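Reader: Walk me through this model, please. For each feature, give me the idea, then the case.

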Amino acid sequence: MYPKPAKETVSLTMAEAEQQSGSTPEDEASKATDSVTFMVPKKEISMVPDMGKWKRSMAYADYIGFILALNGAVKGKKLSCEYKVSETVQKLLDLLGTLDRWINETPPVDQPSRFGNKAYRTWYSILDQEAESLVFALLPEDTSAAAAEIAVYLKESVGNAVRIDYGTGHEAAFAAFLCCLCKVGALKVDDQLAIVFLVFNRYLEVMRKLQKTYRMEPAGSQGVWGLDDFQFLPFIWGSSQFVDHPTLEPRHFLEERVVDEQQHEYMFLECIKFINEMKTGPFAEHSNQLWNISAVPSWSKVNQGLIRMYKAECLEKFPVIQHFKFGSLLSIQPGKP
């Protein structure tokens with residue numbers, strides 16, 4: 001059942017989100033360098049009762065604040081709109097380009113099993129070795145000590161090398177990676193649009209290539225009862241792009257013509273295009289939740305409903321959050337009441 005829309009407004013800016021915790025992004029970056037000892041993140045959620053620690057933690061508040069800030073930033077904007085592209089954003093695009101190139105250099109191997117090609121483990125081992133130096137190149141000199149901590153989230157964001165699967169928990173790790181870059185001052189408030197429209201969109205391209213090349217299994221997929229086999233965040237931010245659109249309503253994303261013509265402007269439609277390429281049969285059968293969403297009367301209600309659904313189905317589910325790792329930047333310590 002599709003959740004009822006949230007009553008709270010979600011059109012926050014990153015600055016507003018930080019102000020709610022009484023600080024600006026610059027303050028956060030200063031605190032990170034002045035008073036924090038960076039540490040390699042580790043698991044803290046090992047049993048279902050531990051979920052309470054997560055929901056009360058500074059990490060949860062920072063993470064959801066970051067997601068909502070970006071949600072507000074992209075509201076009503078097309079992918080082709082004008083925005084600043086900073087040096088750090090360009091470096092992130094170069095990093096993702098490197099991951100993409102490694103896929104080309106690591107072709108699938110012949111194996112009896114159709115899914116979970118073992119060449120993925122070779123690809124992942126390269127990232128495992130190089131991640132810290134890749135992250136080091138992104139950081140301001142005074143926060144370079146954070147490289148080992150932030151690199152963990154990059155490695156967690158591309159899937160699991162043992163199971164050769166990928167899901168919303170890995171996607172959340174990439175959002176956490178970007179959030180940490182904001183907290184140490186590598187990314188700024190005025191990078192918001194580029195974070196979603198350039199960096200996250202490029203990340204999606206690389207993840208889709210990984211999924212197709214190595215036939216990765218969906219991690220914790222709910223099948224037809226889930227929103228999507230692999231992603232969630234582009235549906236949230238993509239629906240925010242559509243808020244107050246003069247002509248396109250939620251029902252229109254089921255129309256092939258609309259998807260083909262508008263996919264390059266809207267993340268939501270890019271996701272629908274990918275689903276249509278990967279799945280066969282009636283849309284209502286293979287993507288029932290999205291089919292239900294098409295009946296919601298407005299994009300603002302879709303957006304608010306998806307945020308509620310994300311919290312309930314991803315952030316509050318033990319099978320997803322048990323893999324999340326906590327360090328100094330995303331801390332398991334309780335947040336301010």
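**Reading the fold**

Author: Buried means under 20% relative accessible area, exposed over 50%, and partly exposed in between, with a 1.4 Å probe and protein chains only. The model is predicted, so local features need pLDDT of at least 70 and side-chain atom pairs pLDDT 80 or more, while totals for chains, interfaces and linings use all residues. Numbering starts from 1 along each chain as its sequence is written, and side-chain values use heavy atoms, with hydrogens and water left out.

Reader: Where does arginine 215 sit, and what is its phi?

Author: Arginine 215 lies in the loop between α9 and β3 (217-218). Its phi is near 45 degrees, a positive value in a residue other than glycine. Most residues other than glycine have a negative phi. Isoleucine 164 is another case, with a positive phi of about 50 degrees. Isoleucine 164 belongs to the loop between α7 and β2 (165-166). At 2% relative accessibility, isoleucine 164 counts as buried.

Reader: How many helices and strands are there in the protein?

Author: The protein has 16 helices and four strands. Both are DSSP runs numbered from the N terminus: helices are H or I with at least four residues, strands are E with at least two. Of the 337 residues, 53% are buried. Take contacts between residues at least 6 apart in sequence: 80% of them join residues at least 24 apart. Contact means heavy atoms within 4.5 Å.

Reader: What distance does α5 reach from its first C-alpha to its last?

Author: The expected span of a helix is 1.5 Å times one less than its number of residues. Helix α5 (residues 87-104) has 18 residues and reaches 26 Å, close to the 26 Å expected. Its buried residues include Thr88, Leu92, Leu96, Asp100 and Trp102. Their cover includes α6 (119-136), α7 (147-156), α8 (168-183) and α9 (192-213).

Reader: Which residues does threonine 88 touch?

Author: Threonine 88 sits in α5. Its relative accessible area is 13%, so threonine 88 is buried. It touches Leu138, Ala186 and Leu187, not counting residues up to four places away in sequence.

Reader: Asparagine 117 is in which loop? Is it buried or exposed?

Author: Asparagine 117 is in the loop between α5 and α6. At 7% relative accessibility, it counts as buried. A polar atom of the asparagine 117 side chain lies 2.8 Å from the backbone oxygen of valine 109. That side chain also reaches the backbone nitrogen of alanine 119 at 3.0 Å. Beyond four places in sequence, asparagine 117 touches Pro108, Val109, Gln111, Ile164 and Tyr214.

Reader: Which residues have the most contacts inside the largest nonpolar core?

Author: A nonpolar core is a set of buried Ala, Val, Leu, Ile, Met, Phe, Trp, Tyr and Cys residues joined through side-chain atoms within 4.5 Å. The largest one has 109 residues, and Trp123 and Phe177 have the most contacts inside it. Helix α9 gives the largest share of this core, 12 residues. Leaving out residues up to four places away in sequence, phenylalanine 177 touches Leu92, Val135, Leu138, Ile150, Tyr153 and Leu154.

Reader: At what angle do α10 and α12 pack?

Author: Axes are lines fitted to C-alpha atoms, for helices over the stretch in contact, and angles run from 0 to 180 degrees between N-to-C directions. Helix α10 (residues 233-242) and helix α12 (residues 267-278) pack at about 130 degrees, with axes 7 Å apart. That makes α10 oblique to α12. Under 35 degrees counts as roughly parallel, over 145 as roughly antiparallel, 65 to 115 as roughly perpendicular, and the rest as oblique. The residues that meet include Phe235, Trp237 and Phe242 in α10, and Phe268, Leu269 and Ile272 in α12.

Reader: What else do the buried residues of α12 pack against?

Author: The list includes α9, α11 (256-262), α13 (283-286), α14 (288-293) and α15 (299-315). Among those buried residues are Met267, Glu270, Cys271 and Phe274.

Key:
A polar contact is a pair of N or O atoms within 3.5 Å; within protein, one must be able to donate a hydrogen and the other to accept it, and residues adjacent in sequence count only if both atoms are side-chain atoms.
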